[in-house]
Amino acid sequence: MLLPLSSHNVIQYLHAAGLCSLEDGTSNTFELPKTNQKNCNLVVNVGDNRQLLIKQERGHENQGISHELFNEWLFYQLLQQFPVLGNISAIAPLVLHFDQDNSILVRSYLGEYVELGKFYQHSEILPSEIGTAIGTTLAALHRVTFQRQEYRDFMATAPEGQFRYSFYNPAQGVDSISPEIFAQVPSEALKFYQTYQNSESLEAAIADLAYEWHPCCLTHNDLKLDNILIHSRWNQLDNCLVRLIDWEACAWGDPAFDLGTILASYLKIWLASLVIDPTLELEESLQLAITPLEEIQPSLVALLQAYINAFPMILEYRRDFLVRVMQFTGLALIHQIQAQIHHSKSFDNSHTYQLQLAKNLLTMPEQSILSILGMTEAEIVSCVAKHHQIPQPQKAQNLVPLYYEKTRLRGC
Ligand SMILES: Nc1ncnc2c1ncn2[C@@H]1O[C@H](COP(=O)(O)OP(=O)(O)O)[C@@H](O)[C@H]1O
Ligand SMILES: [Mg+2]
């Protein structure tokens, strides 16, 4: 039975769970703006200057137990069970309480941190230190769990009496158009589906990415800027600049997917700043971007180099790792457009450009490394290779076909 939480009953709920006293009144409670369709998030100030975040998943009352909050809870259990993971400060445990019947998760709320997406909206600069901190943290998560069966088994645990699919391949394209789509999306957005479906090379590249998807470590699977927090005094700290939150989608997966998701989230800052006007050519729009790509590039490069530096072994395991990261970046840009069409019912010229960029990333990933990052693959890897004995990329080995005669799908 789902008990819908609100500012009126949350104190009683927390009191019953032993997490606060009844003196902590409702005036100390506020609701956070929604980040998605399903969760309701409340923040409550309790004694000793502590703040709690109460996350409740709604809308699945008739569909049985939701796996997503359970998954987040399971991840925090994993951190406690395996301290080597919990010691990675940027992912240190925050969960205090989980109530499966009512789909409620309570975490410590970090009042001194702000969402990275909001931080960039208000900051005139994109300091590369932040990219470095994200890359180092993500590499630590992937490296420590890399090919470790015990972590994989732990995260395959199902809620009591439930069954779980162990692997979800996130390399999914856009579903084929059904007649209902005409009623569901604005007419401008049909262009997105048409362009997608008319591009055989794009569909083939996504099918190949699905085929080459290698689950080998624990991955966050929703690593966008909204799910990264930055300390308000980040520039005075040596450690714990960032915290990764929202582990609902965390699973055994492919590390290139996490990097692609976060790179796409950075690229969105640039794409959202393009000046779009019917009287402007695309070239002019690009030149007038409020946040040009060149301002984002240092963060992207710092993130990737810090990642490879902290996890050089990934390049031995996957010679084509950066190429796959670029392709997952393209895929994440497509998923962003889809989410925008579904939630805001909007599609404009900037999305047309975003789709074109996504297509380039997916079908021409080697060339895209230089155009998006401003450096060649060898340059990105070379500064890391100085310290570690890692193979330099060889052009011939890294070539992937731009056109596939037959699409191949596996595991999805
Ligand atoms: N520990 C925290 N400290 C500060 N803010 C947080 C914390 N946890 C979550 N938030 C804020 O709450 C929002 C929602 O949390 P999140 O776990 O991402 O839930 P959702 O699944 O609804 O996106 C975040 O985007 C962030 O702004
Ligand atoms: Mg979130």
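These legends describe close-up views of a predicted model.

**View 1. The chain as a whole.** The fold comprises 18 helices and 10 strands. The chain has 412 residues, and buried ones make up 51% of them. Of the contacts between residues at least 6 apart in sequence, 72% join residues at least 24 apart.

**View 2. The magnesium ion (ligand 2) and its protein donors.** N227 (OD1) and D246 (OD) coordinate the ion at 2.2 Å. N227 sits in the loop between β7 (217–219) and β8 (228–231), while D246 sits in the loop between β9 (242–244) and β10 (251–253), so the pair ties together parts that are 19 residues apart in sequence. N227 has a relative accessibility of 5% and therefore counts as buried. D246 also counts as buried, because its relative accessibility is 11%, and the cut-off is under 20%. Water is not among the atoms, so the site may look incomplete.

**View 3. Helix α16 and its buried side.** This helix spans residues 365–373. Its buried residues are P365, E366, S368, I369, I372 and L373. They cover an arc of only 160 degrees around the axis, so they lie on the same side of α16. An α-helix has 3.6 residues a turn, which means that residues three or four places apart point the same way. Just after α16 comes G374, with a positive phi of about 75 degrees.

**View 4. A nonpolar patch on the surface.** V275, L288 and I290 form this patch. Together they have about 280 Å² of accessible area. V275 is placed in the loop between α10 (255–272) and α11 (282–287). Its relative accessibility is 31%, so V275 counts as partly exposed. Patch members need over 30% relative accessible area.

**View 5. S21 and its surroundings.** S21 belongs to the loop between α1 (10–16) and β1 (29–31). At 29% relative accessibility, S21 counts as partly exposed. Leaving aside residues up to four places away in sequence, S21 touches I11 and H15. G47 is 26 residues from S21 along the chain. The C-alpha atoms of S21 and G47 are separated by 8.1 Å.

Methods:
Residues are numbered from 1 along each chain as its sequence is written. Chains are lettered from A and ligands numbered from 1 in the order in which they are written. This is a predicted model: local features need pLDDT of at least 70, side-chain atom pairs count only at pLDDT 80 or more; totals for chains, interfaces and linings use all residues. Side-chain values use heavy atoms; hydrogens and water are left out. Patches are made of residues with over 30% relative accessible area and no salt bridge: like charges are joined within 9 Å, nonpolar side chains (Val, Leu, Ile, Met, Phe, Trp, Tyr) within 5 Å. Accessible areas come from the Shrake-Rupley method with a 1.4 Å probe; for residues, only the protein chains shown count as cover. A salt bridge is a side-chain nitrogen of Lys or Arg within 4 Å of a carboxyl oxygen of Asp or Glu. Helices (H or I, at least four residues) and strands (E, at least two) are DSSP runs, numbered from the N terminus. Buried means under 20% relative accessible area, exposed over 50%, partly exposed in between (1.4 Å probe, protein chains only). Donors are N, O and S atoms within 2.8 Å of the metal (3.2 Å for Na, K and Ca); water is not among the atoms, so sites may look incomplete. Contact means heavy atoms within 4.5 Å. The arc is that of the directions from the helix axis to the C-beta atoms.
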